[in-house]
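Thank you all for coming; please have the sequence and the model open while I talk.

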Amino acid sequence: MMTSVDTDLIRVLGDPLRLRIVTLLARETLCTTHLVEETGAKQTNLSNHLKVLREAGVVDTEPCGRFTYYRLRPEVIETLAGQFAELAATARANADSKRSC
């Protein structure tokens with residue numbers, strides 16, 4: 001069983017601020033103003049990171065007046081978690097396998 005992990009998604013989530021955003025959005029849907037307050041990041045920097053998350057399909061947006069709310073797409077995280085679980089199962093199943101030199 002060969003498993004590949006979505007390296008593009010890992011790269012997207014590998015940034016500390018984006019991971020913090022995802023963690024916050026796992027708890028509730030937030031607008032940019034809330035995320036600025038929670039992270040301390042500048043609004044322009046935060047908007048750039050949200051764009052990356054949106055383009056990667058990690059978050060959805062919901063316009064609300066002059067604000068945009070962001071919601072985490074849990075199925076994306078579940079898919080990545082499943083890929084890691086399969087990778088761990090493969091490693092466990094092949095723990096005694098060693099290629100000779």
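I will go through the salt bridges and then turn to the cysteines. This is a predicted model, in which local features need pLDDT of at least 70 and side-chain atom pairs count only at pLDDT 80 or more, while totals for chains, interfaces and linings use all residues. Residues are numbered from 1 along each chain as its sequence is written, and side-chain values use heavy atoms, with hydrogens and water left out.

Side chains of opposite charge can pair when their charged atoms come close. Taking a salt bridge as a side-chain nitrogen of Lys or Arg within 4 Å of a carboxyl oxygen of Asp or Glu, the count here comes to five. One of them joins lysine 51 to glutamate 55, with 3.9 Å from N to O, and both residues lie in helix α4 (residues 43-55), four residues apart, about one turn of the helix; helices are DSSP runs of H or I, at least four residues long, numbered from the N terminus.

Another pairs glutamate 62 with arginine 71, whose closest N and O atoms are 2.5 Å apart. Arginine 73 and glutamate 75 also form a salt bridge, at 2.9 Å between the closest N and O atoms, and Asp60 is linked with Arg73 and Glu75 in a network.

What about the cysteines? A disulfide is a pair of cysteine sulfur atoms within 2.5 Å, and a search of the whole structure finds zero of them. For cysteine 31, the nearest cysteine sulfur, that of cysteine 64, is 8.8 Å away. Cysteine 31 counts as buried because its relative accessibility is 4%, where buried means under 20% relative accessible area, exposed over 50% and partly exposed in between, using a 1.4 Å probe and protein chains only.

Definitions and conventions: Helices (H or I, at least four residues) and strands (E, at least two) are DSSP runs, numbered from the N terminus.
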